[in-house]
Amino acid sequence: MSAPQVYTEATIATMHPDAEGYGLIERAALVTTGAKITWVGPMAALPAAYQSAQATSLEGRLVTPALIDCHTHIVHGGNRALEFEMRLQGASYEEVARAGGGIVSTVTSTRNTSEADLLKAALPRADALIAEGVSTIEVKSGYGLDHETELKMLRVARQLAQKRPLRISTTFLGAHAVPKGAKADSYIDEVCLPALRAAHAEGLVDMVDGFCEGIAFDVPQITRVFDAARALGLPVKLHAEQLSNIGGTQLAARYGALSADHVEYATEADARALAAAGTVAVLLPGAFYTLHETQSPPVQAFRDHAVPMALATDWNPGSSPLGSLLLAMNMGCTLFGLTPAEALAGVTRHAAQALGLSDAGTLEAGKRADLAIWDVATPAELSYGIGINPLHKRIFAGQAT
């Protein structure tokens, strides 16, 4: 059995749901044994069993749960910098998509990129998140829109956890867009659902997602995808109410989805439905910022109905080329009005909930020893800084990385 490691002289943000705000403990200690946390509390209460264990003074630094990016598309080919120029010249997201750009242009690049080259391109993206104290990344497919490329993307996502000290949650997003020249219903039946079943049989899928929007798939079409996921025993999540309200959030709630993501056009009724279902609202300020959107998600309604709010980068080549979860925290505060405590909960405890992970996101005995140690005096500094990375050290499964 591994020897205990004791961290002392720390300020610890436990992010425990029953604690107020950050769940701060001043002059605190934390003990890890192997890959697990075995004790957290004030230094004065450190059990005698750990008094003689190897100790590391953190010299007053802040310790939080390692961060979790619960919505990304970091496996893809190419980029869409030219579309960035189009949008600056006045084209909307819908106009770009209908002109043959958007998701479909990335599909072409991803289909034409080998598995090895997709991995080579994704690793620096993963490294950028690791450098900000991220331990867990959700990675979606959805840029293949054919059987083999969807599986290829998921295989690459799995390989990221073999190449880096990372936890990867994979999401099948075959219902991301309608391929050029295809009909939505035929695509769902002939490509998306067979690819989902094949990916599940290969052990590549942790969750299933879809894009429920006027430029993608409607509620009945996503319902068929969710029914297939349910038959396979897979949890679901949904891109919902990003550009309009066509009922995606209510659909997600009916299926007990782990999360409904974007949700700018969600309503008070949608907030009530999410609360009743225990579904997390994942806010994605990178896309809001990039697309020059003006409709903000109903944060106050989510607060009023106690809907958990997560934050994520939505790192993708088109609508959110955002490679910083710390910046997403700042944007969640400045653009959506979150408090710094809500932002930190959004990339720890609530992000874990959005991925169905019960062993991460808080600092308490029995949880994974995934920690972020920061050169800051207060937790609010993590959301306050713009383009500042105060990470001192990341601990992954009990090991410094």
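**Ground rules**

I number residues from 1 along each chain as its sequence is written, and my side-chain values use heavy atoms, with hydrogens and water left out. As the model is predicted, local features need pLDDT of at least 70 and side-chain atom pairs count only at pLDDT 80 or more, while totals for chains, interfaces and linings use all residues.

**Entry 1: the hairpin**

I began with strand 2 (residues 24-33) and strand 3 (residues 36-42), which run antiparallel and are joined by six bridges. Strands count as paired if DSSP finds at least two bridges between them. I looked up Ala28 and found its bridge partner in strand 3 to be Pro42. Two residues lie between the strands of this hairpin, and Gly34 takes a positive phi near 65 degrees.

Next I traced an open sheet of eight strands, with parallel pairing and the order 6-7-8-9-10-11-12-13. Strand 6 (67-69) and strand 13 (309-311) stand at the edges with a single partner strand each, so one side of each has no neighbour in the sheet. From one strand to the next, the twist averages 25 degrees. For angles, I take axes as lines fitted to C-alpha atoms, for helices over the stretch in contact, and the angles run from 0 to 180 degrees between N-to-C directions.

Inside this sheet I checked strand 10 (residues 237-240) and strand 11 (residues 259-262), which run parallel with four bridges between them. Lys237 stands opposite Ser259 in strand 11.

**Entry 2: two positive phi values**

Which residues other than glycine have a positive phi here? I noted Glu241, at about 55 degrees, and His262, near 90 degrees. Glu241 is in the loop between strand 10 and helix 8 (248-254), whereas His262 lies in strand 11. Glu241 is buried at 0% relative accessibility, and His262 is buried at 2%. My scale is relative accessible area: under 20% is buried, over 50% is exposed and in between is partly exposed (1.4 Å probe, protein chains only).

**Entry 3: the core**

Which residues touch the most other members of the largest nonpolar core? I found Ile137, Leu160, Val208, Leu283 and Phe302, out of 96 residues. Helix 6 (residues 184-201) gives the most to this core, with eight residues. A nonpolar core here is a set of buried Ala, Val, Leu, Ile, Met, Phe, Trp, Tyr and Cys residues joined through side-chain atoms within 4.5 Å.

I then listed the neighbours of Ile137, leaving out residues up to four places away in sequence; among them are Asp69, Ile74, Leu129, Leu166 and Ile168. Contact means heavy atoms within 4.5 Å.

**Entry 4: helix 6 and its partners**

Helix 5 (residues 147-163) packs on helix 6 at an angle of about 40 degrees, with the axes 9 Å apart. The two helices are therefore oblique to each other, and helix 5 passes helix 6 in a right-handed crossing. His147, Leu151 and Leu154 of helix 5 meet Val191, Pro194, Ala195, Ala198 and Ala199 of helix 6.

Helix 7 (residues 219-232) comes within 10 Å of helix 6, axis to axis, and the crossing is at roughly 20 degrees. This pair is therefore roughly parallel, and its crossing is right-handed too. The contact residues include Ile188, Cys192 and Leu196 of helix 6 and Val225, Ala228 and Leu232 of helix 7.

My cut-offs are under 35 degrees for roughly parallel, over 145 for roughly antiparallel, 65 to 115 for roughly perpendicular, and oblique for the rest. A crossing is right-handed if the near helix is turned clockwise from the far one by less than a right angle, and left-handed if anticlockwise.

**Entry 5: single residues**

Is Arg61 buried or exposed? Arg61 is buried, with a relative accessible area of 17%, in the loop between strand 4 (54-57) and strand 5 (62-65). Its contacts, beyond four places in sequence, include Glu9, Trp374, Asp375 and His392.

Arg272 lies in helix 9 (residues 268-277) and is partly exposed at 45%. Arg272 and Val307 are 35 residues apart in sequence and 8.1 Å apart in space, C-alpha to C-alpha.
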